[in-house]
Amino acid sequence: MALLGKAAVAMWWSVRAEQRDEFGDWHSHEHFPERMSIPGFRRGSRWSSTTDAEGFFVLYEIEQYEVLTSKAYLDRLNAPTPWSRKMMPHHLGMVRSQCRIVASFGGGVATSLATFRLSPQAGRDSDLRAHLANTLGTLAQKPGLTGAQLLHTDTPRTSAPTTEQRIRGNDGAADWIVLLSGYDADAIETVIASPLSPGSLGAMGAQNNPTIGRYRLAFTMTPQDVAVI
């Protein structure tokens with residue numbers, strides 16, 4: 001899948017089993033429509049981990065980086081609904097990265113996704129970026145795969161944590177993010193084994209021990225969907 005826009009918010013967290021049903025209702029029927037009603041939000045997708053029963057990944061695709069500091073977005077972050085105030089303390093281990101999209105290849109909406117959280121070795125930023133862009137462009141065309149992206153976290157400077165952040169506690173943040181999507185989970189596993197294995201990423205210029213997650217699509221929404229929810 002090609003990402004819609006030039007920026008994104010990428011988030012990882014866990015929800016305990018006893019909260020999952022209500023979380024799904026809230027996130028699908030209130031929270032996603034709320035976010036998709038903000039000018040500049042192009043698509044949201046929620047992914048369930050295939051290796052961690054409590055794990056989720058959520059991606060918001062955004063038209064321009066400046067939307068992340070827009071009044072419309074900050075107003076929502078600082079005025080959560082009562083249902084949001086109830087649910088956000090159950091977002092455990094939140095990692096939330098506001099990103100610029102560096103490279104995006106492919107198209108469509110996939111059913112399987114791998115996320116890679118990594119950082120460049122000292123002095124090898126340019127090497128890693130070039131190697132990844134070349135590799136991801138090739139991978140997006142492979143059988144079983146549909147898209148590959150590189151995102152860099154670039155946290156906007158704001159005066160204070162938002163109300164939502166204060167409710168959740170201290171959010172973490174990723175550094176560089178690679179997304180690999182497809183319609184064949186086995187094809188994604190092949191890429192994780194090589195050419196995006198930890199060893200292969202290290203040879204490109206990444207630090208050791210990237211964090212790799214595996215997910216399946218749970219729900220997706222665009223602004224055009226809001227009126228029919």
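Residues are numbered from 1 along each chain as its sequence is written, and side-chain values use heavy atoms, with hydrogens and water left out. Because the model is predicted, local features require pLDDT of at least 70 and side-chain atom pairs count only at pLDDT 80 or more, whereas totals for chains, interfaces and linings use all residues.

The sheet forms a closed barrel of 8 strands in the order β1-β3-β2-β8-β5-β7-β6-β4, with antiparallel pairing. Helices (H or I, at least four residues) and strands (E, at least two) are DSSP runs numbered from the N terminus, and two strands pair if DSSP finds at least two bridges between them.

Strand β1 is joined to β3 by 8 bridges in the antiparallel sense, with Met11 opposite Val58 of β3. Antiparallel pairing of β1 with β4 extends over 7 bridges, and Val9 has Gln98 of β4 as its bridge partner. Strand β4 (residues 92-106) also pairs with β6 (residues 145-153), again antiparallel and over 7 bridges; here Ala103 stands opposite Leu150.

In a regular strand, side chains alternate between the two faces of the sheet. Both faces of β1 are covered, as Ala7, Val9, Met11 and Trp13 on one side and Ala8, Ala10, Trp12 and Ser14 on the other are all buried (under 20% relative accessible area, with exposed over 50% and partly exposed in between; 1.4 Å probe, protein chains only). Since 8 of the 8 residues of β1 are buried, this strand is largely enclosed by the rest of the structure.

Helix α1 (residues 20-36) lies across β1 (7-14), β2 (41-49), β3 (55-62) and β8 (211-221), and runs at about 165° to β2. Helix α6 (residues 185-193) also packs on the sheet, touching β5 (112-118), β6, β7 (176-182) and β8, with its direction at about 20° to that of β5; contact denotes heavy atoms within 4.5 Å. Within α1, Ser28 counts as buried because its relative accessibility is 9%. A polar atom of the Ser28 side chain lies 2.9 Å from the backbone oxygen of Gly24.

Gly205 is placed in the loop between α7 (198-204) and β8, and counts as buried at 0% relative accessibility. Not counting residues up to four places away in sequence, Gly205 touches Ser119, Pro120, Gln121, Arg124 and Leu128. Its C-alpha atom is separated by 8.6 Å from that of Ala122, 83 residues apart along the chain.

Cavities and pockets were located on a 1 Å grid over the protein atoms alone: a cavity is a set of points where a 1.4 Å probe fits but cannot get out, a pocket is an open set with protein on both sides within 12 Å along at least five of seven lines, and lining residues have an atom within 4 Å of a point. Grid points are joined across faces, edges and corners, and a volume is the space filled by probe spheres set on the points. The structure holds 1 cavity of 30 Å³ or more, and the largest cavity contains about 130 Å³ of space. Its lining comprises 17 residues, of which Met11, His31, Arg35, Glu164 and Arg168 are the closest to its centre. Helix α1 supplies the largest share of this lining, 4 residues.

Note on methods: Axes are lines fitted to C-alpha atoms, for helices over the stretch in contact, and angles run from 0 to 180 degrees between N-to-C directions. A polar contact is a pair of N or O atoms within 3.5 Å; within protein, one must be able to donate a hydrogen and the other to accept it, and residues adjacent in sequence count only if both atoms are side-chain atoms.
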